[in-house]
Amino acid sequence: MLALRLARGSHPLVLLRRLLVAAASAGVGFLLLCALGYASGHPAHSAGAVLRLLWCLVPFAATVQFAVAVARTDPSTRPRSGLSAVGLGPVRLAVLAAVSTAVSCTLGSMVALLFYLHLRGDLSGLPFDGAAAGLLDAEAPLPLPAALVLLALVPLAAAAGSAFALRAEPVSTAAPDDASSEVLTEPEAPGPTAPPTGLPWGVALTAAGLAIEAYMSRGDGRSLLPLPGRLDATPAGVLAGWALTAAGLAVAGPGLAHLCGRLLQAARPGAVRLLAGRVLMDESRRIGRPLGVVCAVLAAAAAAYALYGTAPRPLGPLTVLGAVLVLGCTTATLLTSALEARQAREQTAQALLRLGAPVSALRAATALRAAALLIVFAPLTWLISELAALPLTV
Amino acid sequence: MVAPPDNDVIWARSLHHSHNGSPALGGVSLGVRDGEILAVTGPRGCGKTTLLHCLSGQLVPEQGEVWFNSVPVHTMGPRLRERLRRDRFGWIAPEPQLVPELNTWENTALPLLLRGASHREAKKTALEWLERLDIGTCARQRPHTLLQGQRQRIAVARALAATPTVIFADEPTATLHRSDRTHVLRTLTSAARSHGITIVLATHDAEIAALADRTVPLLDGRRVATVALPAVSDTEGRAACSLSV
């Protein structure tokens, strides 16, 4: 009940983030239901049905990542004086975060179920009744328990993930509720974390993934895990290589961001360059990982476009839905992480403004950080996508 | 409009301010003379911090005037006030409010760097001031590795290094133990006197206020002659309790 009450009074932007989580969860729920519908409609093609279910894992993972990122930025789940005064400690706040996330994800899952039944023609009385009956295998009955289990997956995973994420982090300092209150007992911000050490591992993983992909794509093109719909001829080895590359980029992301920051503040910096570089070095862990994931997803999209983009009708509607979900969720996760970093630095920004630092200097520092990351990560994305597409096109 | 007296570096007339309707200042007037140390005293919540915010241009009072060196501050735009604060004012808060990403000398040099001073010059000045305040040895450490007293001394060094005209110190020693407290205050006042810097010091401690040249007592957002209140008798609440038992 407290989660609902806090949600009712929260800022529209916070509600918008929650709604986005609900929308992503609805998309994943819809895809899962489609896989279930295919399985019940084509009992003979069980391998194909499993394959569809497995492909749903990618948008599923992206959605859970996004839900956790939103839970981490949620103002109602961070330690704050108002709730700690009534005795809500970090443990209860983690439970609160899990409940809030579960609520928004369940909302999305319900919408997905209604929409799915509606498009199949099981619910009538609205426009587009049964508009996609053929695609969704409307003639086969939908096993309800299986549908409910599949729909419960996203809320459960997201709730567990956000509870774990909020429990794992040390109790951060309670931010003052408004800027005007001078809290005398405010503890100093916790010390910065150690620099990330994953860069060599990330580079090794990426290289290994690309090598595996190049090696496997030479073979006879055995398709163990073909993408349902159009992209039938993708060998499993290539996909394994891709998965390794993506993991490698996610691991290397923080290290790369840290390196960007280090270069930015090198060689007699002025105030703006000093602030931009040091902040990037300290935020590299928070920003780097989602940035690496976005980089991997964009590289995959670019490579897929290079390979299949020229086909007359390259993608089916469900594949497009999945791709949009993955792209949208990873990008939204990156933006949410940037927001989280900004919230964490709010007090420092206040202190800087109190020193008389111009707002334009702070904005310039932010722009400089974004530009540095773009300059490093955009060519990297292009390079990875070229390398990934190379063995498949030649 | 009355022209402000010439020898006042800051001059304020009948300042009124409220935070979202809750009254903070109800008509405070004061003048700060050049080079003096002025203590604004009073209990917590009497409007000291709001007064300092108004005087330093961080807040625009709802009514009243603030003049700095015969220039009106209350009519300035935000950009000009920002520049005034950067170039002429220093601020010391109860918390050190250091930038956690920067090390000690970088934190101290930050106001100079923000003014556009060269890297070498800013570093030299910052290191000199850190030496003067006995924290030269930790010039390369990050704030989170230091003690609270050392961090507060860095904040003092940061305010002094830019050699501002006025330093506003809002309860600069509220979070320190007594030994650190005297050290911080002594360095602040002696540096200010030797460099001719004016200090406006907000404090609720009569002992600290005794270091100042002049004292302005505040009570409930108004300037009063003295803040000594009649002592509350111990039994005031108990009698009521015993009646109800």
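## A position in helix H13 of chain A

A:Leu383 counts as partly exposed, because its relative accessibility is 42%; with a 1.4 Å probe and protein chains only, buried denotes under 20% relative accessible area, exposed over 50%, and partly exposed the range in between. The residue A:Leu383 belongs to helix H13 (residues 359-393) of chain A; helices (H or I, at least four residues) and strands (E, at least two) are DSSP runs numbered from the N terminus. Although A:Leu383 and A:Ala299 are 84 residues apart along the chain, their C-alpha atoms are separated by 8.2 Å.

## Basis of the model

The model is predicted: local features need pLDDT of at least 70, side-chain atom pairs count only at pLDDT 80 or more, and totals for chains, interfaces and linings use all residues. Residues are numbered from 1 along each chain as its sequence is written, chains are lettered from A and ligands numbered from 1 in the order in which they are written, and side-chain values use heavy atoms, with hydrogens and water left out.

## Chain B overall

Chain B contains eight helices and 10 strands. Of its 245 residues, 53% are buried. Among contacts (heavy atoms within 4.5 Å) in chain B with a separation of 6 or more, 70% are between residues 24 or more positions apart.

The accessible surface of chain B is about 11300 Å², and carbon and sulfur atoms account for 51% of that area. Accessible areas come from the Shrake-Rupley method with a 1.4 Å probe; for residues, only the protein chains shown count as cover.

## Strand S8 of chain B

Strand S8 (residues 198-203) of chain B is largely enclosed by the rest of the structure, because six of its six residues are buried. In a regular strand the side chains alternate between the two faces of the sheet. In S8(B), one side carries B:Thr198, B:Val200 and B:Ala202, the other B:Ile199, B:Leu201 and B:Thr203, and all of these are buried.

S8(B) runs parallel to strand S3 (residues 37-41) of chain B, with five bridges between them; strands pair if DSSP finds at least two bridges between them. Five bridges also link S8(B) in the parallel sense to strand S7 (residues 166-170) of chain B. B:Val200 is the bridge partner of B:Leu38, and B:Phe168 also stands opposite B:Val200. S7(B), helix H6 (residues 178-195) of chain B and S8(B) form a right-handed β-α-β unit; right-handed here means that, with the strands pointing away from the viewer, the path from the first strand over the helix to the second runs clockwise.

## B:Thr198

B:Thr198, in strand S8 of chain B, counts as buried because its relative accessibility is 0%. A polar atom of its side chain lies 2.9 Å from the backbone nitrogen of B:Gly35. Leaving aside residues up to four places away in sequence, B:Thr198 touches several residues, including B:Val9, B:Val32, B:Asp34, B:Gly35, B:Thr165 and B:Ile167.

Just after H3(B), B:Gly116 adopts a positive phi of about 95°.

B:His144 lies in the loop between H4 and H5 of chain B. With 35% relative accessibility, B:His144 counts as partly exposed. The C-alpha atom of B:His144 is separated by 9.5 Å from that of B:Glu101, and the two residues are 43 residues apart along the chain.

How values were computed
A polar contact is a pair of N or O atoms within 3.5 Å; within protein, one must be able to donate a hydrogen and the other to accept it, and residues adjacent in sequence count only if both atoms are side-chain atoms.
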